[in-house]
There are 2 protein chains.
Amino acid sequence: MAPHAKKTTAKDRLLRAGMALCTEGGFQAMRLEKVLQQSGVPKGSFYHYFSSKKAFGLAVIDAYSDYFYAKLQHSLEDETVSPLQRLKNFAQDAENGMQRHNYLRGCLVGNLGQEMAALDEDFRQRLEAVLKRWEALTQQCLQAAQQAGEIHAKLDTAQFAQFFWIGWEGAILHAKLRRSPLPMQLFMDGFVASMRPSLAPYHNA
Amino acid sequence: MAPHAKKTTAKDRLLRAGMALCTEGGFQAMRLEKVLQQSGVPKGSFYHYFSSKKAFGLAVIDAYSDYFYAKLQHSLEDETVSPLQRLKNFAQDAENGMQRHNYLRGCLVGNLGQEMAALDEDFRQRLEAVLKRWEALTQQCLQAAQQAGEIHAKLDTAQFAQFFWIGWEGAILHAKLRRSPLPMQLFMDGFVASMRPSLAPYHNA
């Protein structure tokens, strides 16, 4: 084993398969047999780690939250480029990912959010907390962009961070529907343009 | 029977149940037994009208498209108020609807869009066509707002109509996740503000 290779446990493999299946088809459509098949883990081991499909689903949300947060950090905390460029790099990275998976995988939070009527309050709270975490990191990036003079000095970064995630989830959905990166580009261009430093009347109103 | 009451056919009742179930939980989770139970239609009649669940699903999309288009027209072609107010009225109406259904029902196009990995090309094309129809009507409303001087004279109404539906689908999703109208309000306020007539630098760039 290479010195840096981390040992992959059965639990890791189960969670990875769960994330892949939930980003494609959501929670309800995820069948246990498929999780076992994709992870190569026997049923008995699954129940050693998770008491039920629900317990597994919540653990998959947590794993995805961490995975995606690290991805976001990788772009949004990259100090080699300007803060606004970091956000654009995140979007470009996501665009490449969507293309790589042939627009079949979306956002796990978006998929499970659409299933809210069938999922219980535990899921809802967990997903809401994930979004808040992403929003907070995005807000920090917008504050840095503000300090760098890249976006309007008076805009409410908390509101714009929320606006970003509202629109971005919609853009991912439209990209899946159109099998095209255009909705992501169109949203991102509009979002960035709406924060320009020269737009005083918008933000002072 | 009251003179204006239109006779409801078994087919209408099946489609109505299908729309309700798909706006809640999407297509894959919709079980035929539930459709029959909610519509009070026997299984034999279902197969008289629809050869398969897929055929039913496509017919549900068409029925929802027409239902929602009429709803959109009701707001966006209401000449008693200004064009921009029409769009705001549509959003307010949708907000009330989400509240009335306790944030359990979303948009059928959004729900099925999230399921794209599991649905075939016929679904995708049908859903894309529905969105294009809504975008076209929205663009007409934005053009009228432009003529009335309510939004910037040079903005690209086709692009803004697309931007609206990208963000709006995201807002519906976030409203479901947060069980709150705030995401819809936040998106709408930001969208309207970004179109202001005074925002020349944005649209001339």
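The model is predicted, so local features need pLDDT of at least 70 and side-chain atom pairs count only at pLDDT 80 or more, while totals for chains, interfaces and linings use all residues. Residues are numbered from 1 along each chain as its sequence is written, chains are lettered from A and ligands numbered from 1 in the order in which they are written, and side-chain values use heavy atoms, with hydrogens and water left out.

**Chain A and its helices**

- Chain A has 10 helices and 0 strands, where helices (H or I, at least four residues) and strands (E, at least two) are DSSP runs numbered from the N terminus.
- Along its principal axes, the C-alpha trace of chain A spans about 60 × 45 × 30 Å.

**Helix packing within chain A**

- Two packed helices are described by the angle between their axes and the distance between the axes; here the axes are lines fitted to C-alpha atoms, for helices over the stretch in contact, and angles run from 0 to 180 degrees between N-to-C directions.
- Helix H4 (residues 53-76) and helix H7 (residues 121-147) of chain A have axes that come within 10 Å and cross at roughly 5 degrees.
- H4(A) and H7(A) are therefore roughly parallel to each other, given that angles under 35 degrees count as roughly parallel, over 145 as roughly antiparallel, 65 to 115 as roughly perpendicular and the rest as oblique.
- The contact of H4(A) with H7(A) has 13 nonpolar, 4 polar and 6 charged residues; Ala, Val, Leu, Ile, Met, Phe, Trp, Tyr, Cys and Pro count as nonpolar, Asp, Glu, Lys and Arg as charged, and the others, Gly among them, as polar.
- Helix H5 (residues 83-100) and helix H9 (residues 182-193) of chain A pack at an angle of about 170 degrees with their axes 11 Å apart, which makes H5(A) roughly antiparallel to H9(A).
- Contact (heavy atoms within 4.5 Å) between this pair involves residues including A:Leu87, A:Ala91 and A:Met98 of H5(A) and A:Met188 and A:Phe191 of H9(A).
- By class, the contact of H5(A) with H9(A) divides into 9 nonpolar, 1 polar and 2 charged residues.

**The interface of chain A and chain B**

- The contact takes 47 residues from chain B and 47 residues from chain A.
- Chain B and chain A bury about 4300 Å² between them, 65% of it on carbon and sulfur atoms; buried area is the accessible area (1.4 Å probe) that two parts lose on being put together, summed over both.
- B:Gln114, B:Leu177 and B:Arg178 supply 18% of the area that chain B buries against chain A, more than any other three residues.
- Between the two chains there are 4 salt bridges, each a side-chain nitrogen of Lys or Arg within 4 Å of a carboxyl oxygen of Asp or Glu.
- A:Arg178 forms a salt bridge with B:Glu128, and their closest N and O atoms are 3.7 Å apart.

- Helix H8 (residues 157-178) of chain A packs against helix H7 (residues 121-147) of chain B at an angle of about 125 degrees, with their axes 9 Å apart, and that makes H8(A) oblique to H7(B).
- Among the residues making this contact are A:His174 and A:Arg178 of H8(A) and B:Glu128 and B:Leu131 of H7(B).
- The contact of H8(A) with H7(B) has 3 nonpolar, 1 polar and 6 charged residues.
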